[in-house]
Amino acid sequence: MTRPASIRRKRYLRLTRVLVLLSALSAAIYLKWLMFDAVPENHVLFVLLVSAEVFNLAQAAGFWYTVYSQEWPEPPMPDFATTHETIDVFITVCGEPPEIVEETVRAAMRIRHPRKTVWILDDGQSLEIEAVAAFNGARYLTRSDRTGAKAGNVNNALRRTTGDFVVILDADHSPRPEFLERTMGAFRDPAIGFVQTPQSYRNRHENRVAGGAHDQLMIFYGPILRGRNPRDAVFSCGTNVVFRRDAFDVVNGMPEDSITEDLRIALLLLREGYRSVYVPEVLAEGIGPVDVPGYFSQQSRWARGGLEILFKRRPFFSGMRPSTVIEYILSFMYWFTGWAYGIYLVLPMAYLMFGQRPVQVPNQYPVYFLPYLAITLVTMAYATEFRINFRAIWFTLGSFPVHIGAFLSAIFGKRAKFVVTAKSGAQRAVRPVAVHLLIIVILAFAIMVGLLREGFTPSATNNVAFALGHILILQGFARYALFPEKEPEPEPKRPGDLLPPEPVLATRYMPSWEVEGE
């Protein structure tokens with residue numbers, strides 16, 4: 001996520017806006033045909049189709065609205081020799097492997113700032129993690145219980161530290177030395193409550209699931225958050241973020257009533273008059289989920305937490321800017337995507353197996369739908385600087401059971417628990433993709449039934465093409481779940497590696513009192 005030169009940005013925005021207008025025109029033509037020219041055949045299917053298409057058109061329009069006004073904030077570079085602020089760097093830990101935590105701690109210790117203190121907030125009460133802190137010169141905090149999950153962990157640290165600003169990093173997100181140099185300048189404006197930077201997965205080239213999750217993030221951490229900057233709609237994303245401590249004080253710390261405390265606190269701070277800034281420069285890299293269960297767990301937590309805020313926490317308030325309201329509505333709408341995709345799965349099944357279709361002029365459907373789809377995909381690809389790909393799209397669509405499950409749980413289920421996403425040890429699993437496998441079988445059966453009944457008529461061919469497209473999307477998660485990637489083999493030992501380690505390395509993960517007692 002580079003910072004393009006000013007001329008390149010202007011050219012990019014100019015062409016993006018042209019594509020947005022073309023997308024809007026093609027969408028209007030398609031919607032006009034669907035709503036006024038198409039003749040319903042099966043009225044239930046027609047209502048389902050219209051509902052799904054209106055939802056997707058609203059999402060597309062929201063994307064166009066967001067990317068039309070992108071900004072690339074570049075806070076001024078501060079001179080820390082002439083300032084007086086103190087910084088607490090919080091690294092939240094809950095059971096992550098010591099080697100991953102140590103990599104983050106070492107990187108945090110290299111952040112350039114003369115008055116920073118690095119803290120490990122260990123909710124796992126691990127002696128090894130305590131030894132990592134001691135060995136690397138960081139401070140160590142733990143607590144007797146784990147109430148409030150990550151938010152409670154942060155609040156415990158806030159009560160025991162005094163820094164003017166707080167950096168929050170997940171255990172696996174290693175910051176770059178210039179992290180504070182690139183972000184702290186934004187706080188010259190006293191109304192800025194926090195500064196968010198992108199998430200990026202450094203294992204994206206080594207693991208297919210992590211790669212897909214990273215590709216999926218590109219659209220959000222690219223044009224979407226850049227477009228939300230001028231609309232006070234940037235929200236905290238849980239890691240790689242800097243908070244003003246005074247802002248925490250105003251809202252009594254990190255909210256513990258949501259498993260997506262990052263989104264929740266952004267809304268609370270906005271209500272109190274604070275604003276936020278997104279700096280679109282990768283300043284820390286983490287480890288993405290390495291298997292399908294881990295990825296689905298992550299997506300479920302984000303979806304359920306967001307939907308619970310929508311349904312139960314009254315996220316909107318009087319005085320909120322209309323543009324900000326629109327952006328947050330679009331954020332919540334994303335978690336309804338699973339319902340729309342479920343409808344698209346039903347439509348080709350209904351025709352191929354039972355001859356039922358939503359409209360009486362099926363041959364015209366591709367004529368109006370495909371140009372709209374094509375220009376929308378081109379717009380999305382260009383807006384993300386061609387960093388989004390097919391894998392990113394099917395990671396979103398293929399997550400539909402997670403989205404639907406999160407929706408139902410948010411309304412009817414018990415309060416969700418915060419679960420840390422596994423960063424190692426990919427596991428083979430059938431259960432997370434049981435729905436995918438079942439639908440693949442049904443779609444394959446529907447294709448056979450439809451072709452046997454009608455042959456390669458235009459209507460059958462259109463629906464077979466859509467069914468095959470769905471199979472192509474769903475089989476990805478099925479493959480990744482049934483055939484997970486193995487952990488990379490350790491490098492062969494060299495002669496020097498066989499020598500006994502130095503004493504300090506031999507005790508690096510031992511608790512301090514055991515080291516002293518030797």
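1. Basis of the model. This is a predicted model, in which local features need pLDDT of at least 70, side-chain atom pairs count only at pLDDT 80 or more, and totals for chains, interfaces and linings use all residues. Residues are numbered from 1 along each chain as its sequence is written, and side-chain values use heavy atoms, with hydrogens and water left out.

2. The chain overall. The secondary structure comes to 19 helices and nine strands; helices (H or I, at least four residues) and strands (E, at least two) are DSSP runs, numbered from the N terminus. Of the 518 residues in the chain, 55% are buried. Here buried means under 20% relative accessible area, exposed means over 50%, and partly exposed lies in between (1.4 Å probe, protein chains only). The accessible surface is about 23,300 Å², and 61% of it belongs to carbon and sulfur atoms. These areas come from the Shrake-Rupley method with a 1.4 Å probe, and for residues only the protein chains shown count as cover.

3. Contacts along the sequence. Among contacts in the chain with a separation of 6 or more, 85% are between residues 24 or more positions apart. A contact means heavy atoms within 4.5 Å.

4. The sheet. Seven strands form an open sheet with mixed pairing, in the order E3-E2-E1-E4-E7-E6-E8. Strand E3 (139-142) and strand E8 (275-278) stand at the edges with a single partner strand each, so one side of each has no neighbour in the sheet. From one strand to the next the twist averages 25°. Two strands pair if DSSP finds at least two bridges between them. Strands of a sheet pair through backbone hydrogen bonds, either parallel or antiparallel.

5. How many residues of E1 are buried? Seven of its seven residues are. Ile87, Val89, Ile91 and Val93 point one way from E1, while Asp88, Phe90 and Thr92 point the other way. In a regular strand the side chains alternate between the two faces of the sheet. E1 pairs with E2 in the parallel sense over seven bridges, and isoleucine 87 has lysine 116 in E2 as its bridge partner. E1 also runs parallel to E4, joined to it by six bridges; aspartate 88 has valine 166 in E4 as its bridge partner, and isoleucine 91 stands opposite leucine 169 in E4.

6. Strand E4. Five of the six residues of E4 are buried. E4 pairs with E7 in the antiparallel sense over four bridges, and phenylalanine 165 has arginine 244 in E7 as its bridge partner.

7. Helix H3 (residues 98-109) has twelve residues and reaches 16 Å from its first C-alpha to its last, close to the expected 16 Å. The expected span is 1.5 Å times one less than the number of residues. Pro98, Ile100, Val101, Glu102, Thr104, Val105, Ala107 and Ala108 of H3 are buried. The cover over the buried residues of H3 includes strand E1 (87-93), strand E2 (116-122) and helix H4 (127-136). Helix H5 (residues 149-160) lies across E1, E2, E3 and E4, at about 145° to E1. For such angles, axes are lines fitted to C-alpha atoms, for helices over the stretch in contact, and angles run from 0 to 180 degrees between N-to-C directions.

8. Helix H10. Helix H10 (residues 292-312) has 21 residues and reaches 29 Å from its first C-alpha to its last, close to the expected 30 Å. Aspartate 291 caps the N-terminal end of H10, with a side-chain oxygen 2.8 Å from the backbone nitrogen of glycine 294. After H10 comes arginine 314, whose phi is positive, near 50°.

9. Two loop residues. Is aspartate 232 buried or exposed? Aspartate 232 is buried, because its relative accessible area is 13%. Aspartate 232 lies in the loop between helix H7 (208-228) and strand E7 (241-244). Its side chain makes a polar contact with the side chain of arginine 321 (3.1 Å). A polar contact is a pair of N or O atoms within 3.5 Å; within protein, one must be able to donate a hydrogen and the other to accept it, and residues adjacent in sequence count only if both atoms are side-chain atoms. Serine 144, in the loop between E3 and H5, counts as exposed because its relative accessibility is 74%.
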